[in-house]
Amino acid sequence: MADARRWGAVNLGLRFLLELVCLAALVYWGWRLPAGLPVRLLAGVLLPVAAAVCWGMFASPRGRWLTVPGRAVCEVGLFGGAAVALAAAGQPVAGVVLAVVAAASLGVTYGLRQHPSPVRRG
């Protein structure tokens with residue numbers, strides 16, 4: 001039991017870092033776009049903001065629409081999208097590392113049932 005709690009605490013810290021890496025990857029991708037400065041700035045700002053809003057609505061513990069399927073789709077989509085963004089920006093190894101670590105963390109999260117019970121908040 002103590003080991004599960006310890007792994008759970010480590011995983012929650014790792015998930016927070018992964019969320020920050022996800023946002024940074026989206027900023028990096030936006031900045032590396034082969035476009036003019038205004039487009040790169042817009043992409044590098046708006047995409048991470050949209051990802052943070054999606055995360056807050058569907059995946060955070062205080063999410064407004066907290067369901068298991070909604071959360072899973074959001075998490076896989078955002079972590080997977082960030083991994084693809086890194087690869088598209090010329091960092092394929094970093095993309096693969098992000099995808100593998102995120103998948104392992106999600107496995108631990110769902111295995112230890114670290115998410116709160118699904119509820120519909122209105």
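The protein comprises 4 helices and 2 strands, as found in a predicted model. In sequence order these elements follow the pattern α-α-β-α-α-β. The C-alpha trace spans about 50 × 35 × 20 Å along the principal axes. Of the 122 residues, 28% are buried. Among contacts with a separation of 6 or more, 61% are accounted for by residues 24 or more positions apart.

Helix α2 covers residues 37-58. With 22 residues at 1.5 Å a residue, α2 should span 32 Å, and the separation of 32 Å between its end C-alpha atoms agrees with this expectation. The expected span is 1.5 Å times one less than the number of residues. The buried residues of α2 are R40, A43, G44, P48, A51 and W55. Viewed down the helix axis, the buried residues of α2 fall within an arc of 100°, so they line one face of the helix. This buried set packs against two other helices, α1 (2-32) and α3 (68-88). On the face of α2 turned away from the buried side, the residues P38, L42 and L46 are exposed.

Among the buried residues of α2 is R40, a positively charged residue under the convention that counts Lys and Arg as positive. No salt bridge is formed by R40, and the nearest side chain of opposite charge, that of E19, lies 26 Å away. The side chain of R40 instead reaches a backbone atom, the oxygen of W31, at 3.0 Å. When neighbours within four places in sequence are set aside, the contacts of R40 are with G30, W31, L33 and A35.

The loop between α1 and α2 contains G36. The relative accessibility of G36 is 40%, so this residue counts as partly exposed, the class between buried, under 20%, and exposed, over 50%. The C-alpha atom of G36 is separated by 27 Å from that of C54, a residue 18 positions away along the chain.

Note on methods: Residues numbered from 1 in each chain as written. Predicted model: local features only at pLDDT ≥ 70, side-chain atom pairs only at ≥ 80, totals over all residues. Heavy atoms only, no water. Buried < 20%, exposed > 50% of the residue type's maximum accessible area, 1.4 Å probe, protein only. Salt bridge = Lys/Arg side-chain N within 4 Å of Asp/Glu carboxyl O. Polar contact = N/O pair within 3.5 Å; in protein donor to acceptor, adjacent residues only side chain to side chain. Contact = heavy atoms within 4.5 Å. Arc of directions from axis to C-beta.
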